[in-house]
Amino acid sequence: MIIISHAYARAGLVGNPSDGYFGKTLSFIIRNVKATVWLWESPHFEIVPTHGDLAKFDSVEAFLKDQRLHGYYGGMRLIKAAIKKFHDHCGKNDVELPDRSYTVSFETDIPRLVGLAGSSAIVVAMMRALMRFHDVTVPQHLLPSLAWSVEKEELGINCGLQDRVIQTYEGLVYMDFDRRLMEGRGYGEYEPLRPGRMPPLYVAYDPARAEISDVPHRNLRDLFNRGDEAVVGAMQRYRDLTDRGQAALMAGDWDELGKVMNENFDLRRSIMSVAPENLRMVEAARATGASAKFAGSGGAICGLYRDGRHYQQLVDALATLHCNVLRPIIYDS
């Protein structure tokens, strides 16, 4: 039997990047694109490499272009680290795993390194496949922390819990990463939401703006740890913005939600540098009257539009920057 598991892209609606700094966030899943893992029992253990792990290109120039866009990393290390952390978790919890070999194959159509959580999607999909293969249950509220440990602890990548929470719970989720919760029990409060009507959301990205996601956070982490007044104050403001965003979302107040999303990005600019090419995406969207903020670390944006005509104006404006635009599918029904 072949086990097939998925995990979807995500976008931060409000609150990012405060999830790694005891803040609050609202996030939604993007079912339009996903990471998929296939796993089946086999006489030997094997991880089948994907395109990002291969070293064959049409030319040196093709290799150099791929390296500029995507760096030196494919998904292989994520799969390896996920398997290792899953076994560590089972060992710590006295769960004995039988000595069964298997083959793993995986692929993703989530745009790489544009802030749509493609790497964590591979990890979460792998964890789901391992749980099914070994008939082991990791409680839903603990799975995000286990997935987070794969990149943070095993691979040394700066990241927060937001991506893993929304990819575990799916749909649209309100998250509180209060310091007392995180330091006391290791996870926050996660509340799935189902508004009476959904806001008119768009997501836009340009794959050419690929960037290693932990790079923008390195200096921010240092400032936060040193108690920088502006950074610490911003993280508290993100908590307030997220509460305002949740209230607007549940009330169907799209004007207020759009204002909150714009404030979210403007606050980010006050504490973090923003690459000019990423800023142009936000400015182009806002010039049409849409709200706009980063969906993650940069390279993708999300926001609200008014109607079908406005959406087309948005598509046309962002096309001049070579951006793809989509309407996210958030729920499966």
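Predicted model: local features only at pLDDT ≥ 70, side-chain atom pairs only at ≥ 80, totals over all residues.
Residues are numbered from 1 along each chain as its sequence is written, and side-chain values use heavy atoms, with hydrogens and water left out. Local features need pLDDT of at least 70 and side-chain atom pairs count only at pLDDT 80 or more, whereas totals for chains, interfaces and linings use all residues.

Helices (H or I, at least four residues) and strands (E, at least two) are DSSP runs, numbered from the N terminus. Strand β1 spans residues 3–14. Ten of its twelve residues are buried, that is, under 20% relative accessible area with a 1.4 Å probe, protein chains only. β1 runs antiparallel to strand β2 (residues 24–41), and eleven bridges join them. Pairing requires at least two DSSP bridges between two strands. R10 stands opposite I29 in β2.

The largest nonpolar core has 89 residues. Such a core is a set of buried Ala, Val, Leu, Ile, Met, Phe, Trp, Tyr and Cys residues joined through side-chain atoms within 4.5 Å. Residues with the most contacts inside this core include F28, I30, L39 and L116. Helix α3 (residues 118–134) supplies its largest share, eleven residues. Another core, of 20 residues, lies apart from it; V274, A284, L314 and V325 are among its members.

Contacts (heavy atoms within 4.5 Å) were listed without residues up to four places away in sequence. L116 touches A9, R10, I30, I110, P111, V203, Y205, A295 and A300. H134 is found in helix α3. H134 counts as buried because its relative accessibility is 10%.

How values were computed. Buried < 20%, exposed > 50% of the residue type's maximum accessible area, 1.4 Å probe, protein only.
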